[in-house]
Amino acid sequence: MTTDISDSLLSRIIDDLAEFGWSLQTQFAPQSLTRQLAEECRQRISQGTLAPAGTGRGNAVAVREGTRGDHIQWLEAGQSPACDGYLQLLDELRVALNQSLYLGLVDYESHFAFYPPGAFYLKHLDRFLDEDRRAVSAVLYLNEDWLPEEGGALRLYLADGEVRDVWPQAGTLVVFLSADVPHEVLPASRDRLSLTGWFRRRGDSPL
Ligand SMILES: O=C(O)CCC(=O)C(=O)O
Ligand SMILES: [Fe+2]
């Protein structure tokens with residue numbers, strides 16, 4: 001499935017990131033794509049391939065139930081047309097961010113995330129203590145007809161002291177600077193599906 005991002009949408013994201021450090025686009029991905037991605041995520045849930053997410057990195061990853069309650073599975077290219085379509089869209093965004101903001105983003109890593117009812121992710125920054133390759137976080141939501149009373153907001157703590165809640169409505173993309181914006185996921189009363197990912201800079205350490 002191929003689709004691309006309009007120039008006006010790209011400019012809005014770039015301008016928001018440069019000025020405010022974050023951007024919210026409620027119509028980033030078409031419904032045909034988010035429906036296929038949601039379907040794919042549900043299939044993976046029923047096949048049992050999503051696993052409880054850990055916190056930390058590499059050998060330091062630990063599943064801490066008190067921190068986050070989502071189940072995840074990392075995406076790889078070539079798994080399905082819908083996943084490839086999504087990765088292609090985000091790569092277009094990566095190239096545009098590099099061209100306008102000179103961020104030097106070399107790749108995008110992403111996983112499906114499933115928060116069952118009641119699951120949450122406590123306030124955190126998307127940076128590991130021992131590695132700072134993650135530069136820009138991007139989350140695409142896959143849930144149709146989300147109602148505010150169902151909870152499940154992504155709560156962002158912005159630089160000016162403002163607190164903003166983002167609803168996980170299908171097609172919405174939220175993008176923010178990974179090192180600058182603390183955030184948390186509030187519990188919901190229904191399943192909450194998303195694709196969470198990070199644009200990364202080149203690592204400093206030799207291969
Ligand atoms: O699902 C969200 O709204 C954000 C998830 C998140 O913060 C993370 O996985 O680091
Ligand atoms: Fe996060």
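# A tour from the ligand outward

Start at Asp-126, where a polar side-chain atom lies 3.1 Å from an oxygen atom of ligand 1. This counts as a polar contact (a pair of N or O atoms within 3.5 Å; within protein, one must be able to donate a hydrogen and the other to accept it, and residues adjacent in sequence count only if both atoms are side-chain atoms).

Before moving on, note that this is a predicted model, in which local features need pLDDT of at least 70 and side-chain atom pairs count only at pLDDT 80 or more, while totals for chains, interfaces and linings use all residues. Residues are numbered from 1 along each chain as its sequence is written, chains are lettered from A and ligands numbered from 1 in the order in which they are written, and side-chain values use heavy atoms, with hydrogens and water left out.

## Stop 1: the ligand

Select His-124 next: an N or O atom of its side chain is 3.1 Å from an oxygen atom of ligand 1. Then select Tyr-141, which has a polar side-chain atom 2.6 Å from an oxygen atom of ligand 1. On its own, ligand 1 has 300 Å² of accessible area, and the protein covers 98% of that. Such areas come from the Shrake-Rupley method with a 1.4 Å probe; for residues, only the protein chains shown count as cover.

Now show the shell around the ligand. Strand S5 (121-124), S6, strand S10 (183-185) and S11 each give it two or more residues. The largest share, 3 residues, comes from S11. Helices (H or I, at least four residues) and strands (E, at least two) are DSSP runs, numbered from the N terminus.

Which residues come nearest to ligand 1? They are His-124, Asp-126, Tyr-141, His-183 and Arg-192, out of 13 residues around it. A residue belongs here if one of its heavy atoms lies within 4 Å of the ligand. By class, the shell holds 7 nonpolar, 3 polar and 3 charged residues. Here Ala, Val, Leu, Ile, Met, Phe, Trp, Tyr, Cys and Pro count as nonpolar, Asp, Glu, Lys and Arg as charged, and the others, Gly among them, as polar.

## Stop 2: the whole fold

Zoom out and colour by secondary structure. The protein has 3 helices and 11 strands, and along the sequence they follow the pattern α-β-α-β-β-α-β-β-β-β-β-β-β-β. Of its 207 residues, 47% count as buried (under 20% relative accessible area; exposed is over 50%, partly exposed in between; 1.4 Å probe, protein chains only). The protein exposes about 10,300 Å², and carbon and sulfur atoms supply 50% of this. Among contacts (heavy atoms within 4.5 Å) with a separation of 6 or more, 78% join residues 24 or more positions apart.

## Stop 3: the cores

Select Phe-28, Leu-37, Leu-90, Leu-93, Phe-112, Leu-140 and Phe-199, which have the most contacts inside the largest nonpolar core, a set of 37 residues. Helix H1 (7-20), helix H2 (31-47), H3, S4, S6, strand S9 (173-177) and strand S11 (192-201) each give two or more residues to this core. H3 gives the most, with 8 residues. Apart from this core lies another, of 17 residues, among them Ala-53, Tyr-141, Leu-156 and Val-174. A nonpolar core is a set of buried Ala, Val, Leu, Ile, Met, Phe, Trp, Tyr and Cys residues joined through side-chain atoms within 4.5 Å.

Go to Leu-90, in helix H3. At 0% relative accessibility, Leu-90 counts as buried. Not counting residues up to four places away in sequence, Leu-90 touches Phe-28, Tyr-108, Ala-138 and Phe-199. For a sense of scale, draw a line from Leu-90 to Gly-161: they are 71 residues apart in sequence and 29 Å apart in space, C-alpha to C-alpha.

## Stop 4: Gln-25

Select Gln-25, in strand S1 (residues 22-25). Is its position buried or exposed? Gln-25 has a relative accessible area of 6%, so it is buried. Its side chain makes a polar contact with the side chain of Ser-23, at 3.1 Å. Leaving out residues up to four places away in sequence, Gln-25 touches Leu-9, Arg-12, Ile-13, Asp-16, Gly-171, Thr-172 and Leu-173.

## Stop 5: two loops

Most residues other than glycine have a negative phi. Select Tyr-102, whose phi is near 55°, a positive value. Tyr-102 sits in the loop between helix H3 (81-101) and strand S4 (105-115), and counts as exposed at 70% relative accessibility.

End at Asp-145, where phi is near 55°, again a positive value. Asp-145 is in the loop between strand S6 (134-141) and strand S7 (154-157). Its relative accessibility is 61%, so Asp-145 counts as exposed.
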